[in-house]
Amino acid sequence: MDNDTSAAGRRPRAGFELVLEAIESGRAQVVIAWALDRLTRNRRDTVRLIEACQRHGATIALVRGSDLDMATPAGRLTADLLAAVARSEIEVKSDRQARAALQAAEQGRWVGGRRPFGYEADGMTVREAEAKCVRDAYTSLLDGISLRQIAYRWNEAGMLPPQGSRDGSTSRWTGSVVSRCLRKPRYAGLSSRRGEVLGVAQWPALVDADTWHAAQAMMRNPSRTPTRGDQRMLSGLALCGTCGATVHAGGGATGRGVYRCSVGSHVVRRRAPIDELISAVVVERLGRPDAGRIFAARAAGVGAAELLREAEELRQRLDGLSEGYADGALTLSQLRKGTDRLRGRLEEVEKRIAATGSGPSADLRNLLTATEVGEVWDSLDVAGRRSVIEQLMTITLYPPGRGVTVLRPEHVRIDWRTS
């Protein structure tokens, strides 16, 4: 049985494959079906069925239709004609549905489908608990928080994806799934079809258009592409005091985790004591009364409000060019030249928006305003701590010298970034 599996789709149909196997093995001489278009709807499966029945002299018996003896030319011709009619009906229906969905999207109506995260099943009513997660995610993204960390927060809050896994189990958010979610124009109150924005939607927006466009620019920024491999606290951040290359986490000869120079064996130091030292230094320094003043520039980052306003103005000017061409005020050549110029400028502004968004860190601001800095630091995951360290300091590790195993202050140099 192939219940809930379309005969027109590309998914394998286990029941149909068993039918072909039974014919090929000689265990079945007759295939009984309600109608041919219930049995096969694509040319590939039709040919496979006809050839199998022809090789073994099998018959297709239809409840609604005549029996088709595949051993005769007339039977094969009739089967092919019936299958062609069924395929035509499917294509006409599919085309009609596609045109209706496009029209609905152009009018800003929801075309149906799976429940979108942040909305009820009708696609129009806001589900406030999930909507808050979406709004916070855009803010966090512009604050420099990784998509992986946003996924972790959603999972911890119990806000799981509306659709489960194919095997029926509960699915969880990942960085890539969050990325696909936040790229949807619907959260800015925009209607789209197949990735193209078509107009203003009838459902409520969860964020303003400027925030959404800024987030898209950040997610397109190549510098945000996550690196693979070990992501320990100082891996790829700390420098080798001998050659200046970065150090990376790995396993030592004793089985303990170490930081080692990525170029040679200049520095090989146990990881745990260094992580503990850096954590203690960060907590102690940010706990001082002057921390907020000293590191204010690092926490604030570069404002993007002016750039966001410029980007919106450029988009409005692009819309104005289209309207001018539609009204006959501009020629096609003028439209193309103006559009190319404005799009080039808009691309530059969006790149600058992405660059400004990568600077500030919500985690650093939280640490600078916390009463108990140690508790906030302990609550951060590795990604959060790495973000803070990268903004606060440059760390250099030096070789300890022959026979020295104890970590000493002169083995680690910290250069603070204050502006």
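What percentage of the 419 residues of the chain count as buried? I looked this up before anything else. The figure is 37%. I keep in mind that this is a predicted model.

**Overall layout**

I went through the secondary structure next. The chain comes to 16 helices and 11 strands. I then checked contacts between residues at least 6 apart in sequence. Of these, 57% join residues at least 24 apart.

**Aromatic pairs**

I turned to the rings. For each pair I wanted two values, since a pair of aromatic rings is described by the distance of the centres and the angle of the planes. The count comes to five aromatic pairs. I opened Tyr119 and Tyr187 from this set. Their ring centres are 6.3 Å apart and their planes stand at 25°, so I logged the pair as stacked; the cut-off for stacking is under 30 degrees. Tyr119 sits in the loop between helix 4 (73-106) and helix 5 (128-142). Tyr187 sits in the loop between helix 7 (175-182) and strand 4 (190-193). The two are 68 residues apart, and the pair links distant parts of the chain. Both tyrosines, Tyr119 and Tyr187, are buried.

I then checked Trp154 and Trp173. Here the centres lie 4.8 Å apart and the planes are at 75°, so this pair is edge-to-face. Trp154 belongs to helix 6 (residues 147-156), and Trp173 to the loop between helix 6 and helix 7. They are 19 residues apart, and this pair too links distant parts of the chain. Trp154 and Trp173 are both buried. I also found Phe117 with them: Phe117, Trp154 and Trp173 form one aromatic cluster.

**A charge over two rings**

Which rings does Arg186 lie over? One is Tyr119, with Arg186 over its face at 4.5 Å from the ring centre. The other is Trp203, with Arg186 over its face at 4.1 Å from the ring centre.

**Salt bridges**

How many salt bridges are there? I get 14. I wrote down several.

- Arg285 bridges to Asp290, with the closest N and O atoms 3.1 Å apart. Arg285 is buried at 12% relative accessible area. Asp290 is partly exposed at 25%.
- Arg345 bridges to Glu348, with the closest N and O atoms 3.4 Å apart. The two are three residues apart in helix 13 (residues 332-357), so about one helical turn separates them. Arg345 is partly exposed at 28% relative accessible area. Glu348 is partly exposed at 47%.
- Asp378 bridges to Arg385, with the closest N and O atoms 4.0 Å apart. Asp378 is exposed, with a relative accessible area of 57%.

I also noted a network of salt bridges. Arg115, Glu120, Arg127 and Glu130 are linked in it.

**A nonpolar surface patch**

Last, I looked at the surface for nonpolar side chains. Val30, Ile32, Trp34 and Val63 form a nonpolar patch there. Together they have about 440 Å² of accessible area. I placed Val30 in strand 1 (residues 30-33). Is Val30 buried, partly exposed or exposed? Its relative accessibility is 46%, so Val30 counts as partly exposed.

Methods. Residues numbered from 1 in each chain as written. Predicted model: local features only at pLDDT ≥ 70, side-chain atom pairs only at ≥ 80, totals over all residues. Heavy atoms only, no water. Phe/Tyr/Trp six-rings, centres within 6.5 Å; stacked < 30°, edge-to-face > 60°. Helix = DSSP H or I, 4+ residues; strand = E, 2+ residues; numbered from the N terminus. Buried < 20%, exposed > 50% of the residue type's maximum accessible area, 1.4 Å probe, protein only. Lys NZ or Arg CZ within 6 Å of the ring centre and 35° of its normal. Contact = heavy atoms within 4.5 Å. Patch = residues over 30% accessible without salt bridge, like charges linked within 9 Å, V, L, I, M, F, W, Y side chains within 5 Å. Areas by Shrake-Rupley, 256 points an atom, 1.4 Å probe, with all protein chains shown as cover.
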